[in-house]
Amino acid sequence: MNGTVTVLDKGAVRIHSYMSPADTFHTTTQLIETPARIIAIDAQLLPVYADEVVAYAGGLGKPLERLIVTHAHPDHYNGAASFGVPVHALPAVREQIIARGDSRLPTGLVIPVTDFTPTVDLLPGTEVIDGVPFVLEAVSGGEATDELLIKLPEQGVLIAQDLVYNDVHLYLGNNDITGWQQAIAALAAESGYDAVLAGHGLPTGPEIYEEVRRYLADARELLGDDGDAYKTAIVDRYPSYVGPFLIDIANRSLFGAGH
């Protein structure tokens, strides 16, 4: 296996957090194993890593029931077809995915939009699956325009996905540092969650919020009108973080095609 899996045992629920290698900036897929089924959250950038997730899930002895896509960034939905199950998402996220169209990988592979378009609308609220409450919340602004936050209150697990990065450079291409800071402040105000699942990086705890806050504050300080200078400065400040090419991708949105 190219990726790594971290297992969190929460009694009635086991969580298998798959993290891709650094070449795709440690993107995560969460497999939520309830007493009778598996719920997958997010689908990887490269189909080869999505295939690894599906193969791992197949070894758990329970049916993979659905895939939830939290937001409209290709590193979280490109591999959806590998899962072979209905794809669920917020209606706003579905429309953003459709608007982005086909996904083109650096290798030249084109993944048609029909391969990953969500077919089942998710609405905020609580859904009980196998006796386990899943609290679904819509978050607007921050790393993505719209994003789904999932909470398992009885297990003390908060599935933040790309609201939280752990030891990975943040993608700022949505150009909304203020919105992201507000979202992190709201998460930090939550109580009762000792496990936080990041969209990039290993599972962590509520201490991660201060790490993300600090990075966002540093980015606001360093982000001027020169993308190359910003990349040099932020990498120098966080030399151990993976995914510096995420900064290049974001800079194309922030500063234009020349970056």
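Which residue in β13 is the bridge partner of Leu 152? In this predicted model, the partner is Val 157. Strand β12 covers residues 146-152, and strand β13 covers residues 157-165. The two run antiparallel, and three bridges join them. Strands of a sheet pair through backbone hydrogen bonds, either parallel or antiparallel.

Both strands sit in an open sheet of five strands. The order is β10-β11-β12-β13-β14, and the pairing is mixed. At the edges lie β10 and β14, the latter formed by residues 195-200. Each edge strand pairs on one side only. From one strand to the next, the twist averages 30 degrees.

Helix α3, residues 177-188, packs on this sheet. The helix touches β11, β12 and β13. The direction of α3 makes about 160 degrees with that of β13. Helix α4, residues 208-222, lies across β13 and β14. The angle between α4 and β13 is about 15 degrees.

Attention now turns to empty space. Rolling a probe the size of a water molecule over the atoms shows where empty space is left. The structure holds two cavities of 30 Å³ or more. The largest cavity contains about 40 Å³ of space. Its lining is made up of Ile 39, Arg 66, Ile 68, Leu 122, Glu 127, Ile 129, Phe 134 and Leu 136. Three strands each supply at least two residues of this lining: β5 (64-68), β10 (125-129) and β11 (132-140).

The largest pocket has about 490 Å³ of space. Its lining comprises 24 residues. Those closest to the centre of the pocket are Phe 25, Leu 45, Pro 74, Arg 100 and Ile 249. Two or more lining residues come from each of β7 (103-104), β13 and α6 (244-255). Helix α6 gives the most, with four residues. The pocket lining divides into ten nonpolar, seven polar and seven charged residues.

One residue was examined in detail. Ala 50 has its place in helix α1, which spans residues 47-58. Is Ala 50 buried or exposed? Ala 50 counts as buried because its relative accessibility is 0%, and the cut-off for buried is under 20%. Several residues are in contact with Ala 50, leaving aside its neighbours within four places in sequence. They are Ala 43, Gln 44, Gly 79, Ser 82 and Phe 83. Thr 126 is 76 residues from Ala 50 along the chain. The C-alpha atoms of Ala 50 and Thr 126 are separated by 27 Å.

Conventions:
Residues are numbered from 1 along each chain as its sequence is written. This is a predicted model: local features need pLDDT of at least 70, side-chain atom pairs count only at pLDDT 80 or more; totals for chains, interfaces and linings use all residues. Side-chain values use heavy atoms; hydrogens and water are left out. On a 1 Å grid over the protein atoms alone, a cavity is a set of points where a 1.4 Å probe fits but cannot get out, and a pocket is an open set with protein on both sides within 12 Å along at least five of seven lines; lining residues have an atom within 4 Å of a point. Grid points are joined across faces, edges and corners, and a volume is the space filled by probe spheres set on the points. Two strands pair if DSSP finds at least two bridges between them. Axes are lines fitted to C-alpha atoms, for helices over the stretch in contact, and angles run from 0 to 180 degrees between N-to-C directions. Contact means heavy atoms within 4.5 Å. Ala, Val, Leu, Ile, Met, Phe, Trp, Tyr, Cys and Pro count as nonpolar, Asp, Glu, Lys and Arg as charged, and the others, Gly among them, as polar. Buried means under 20% relative accessible area, exposed over 50%, partly exposed in between (1.4 Å probe, protein chains only).
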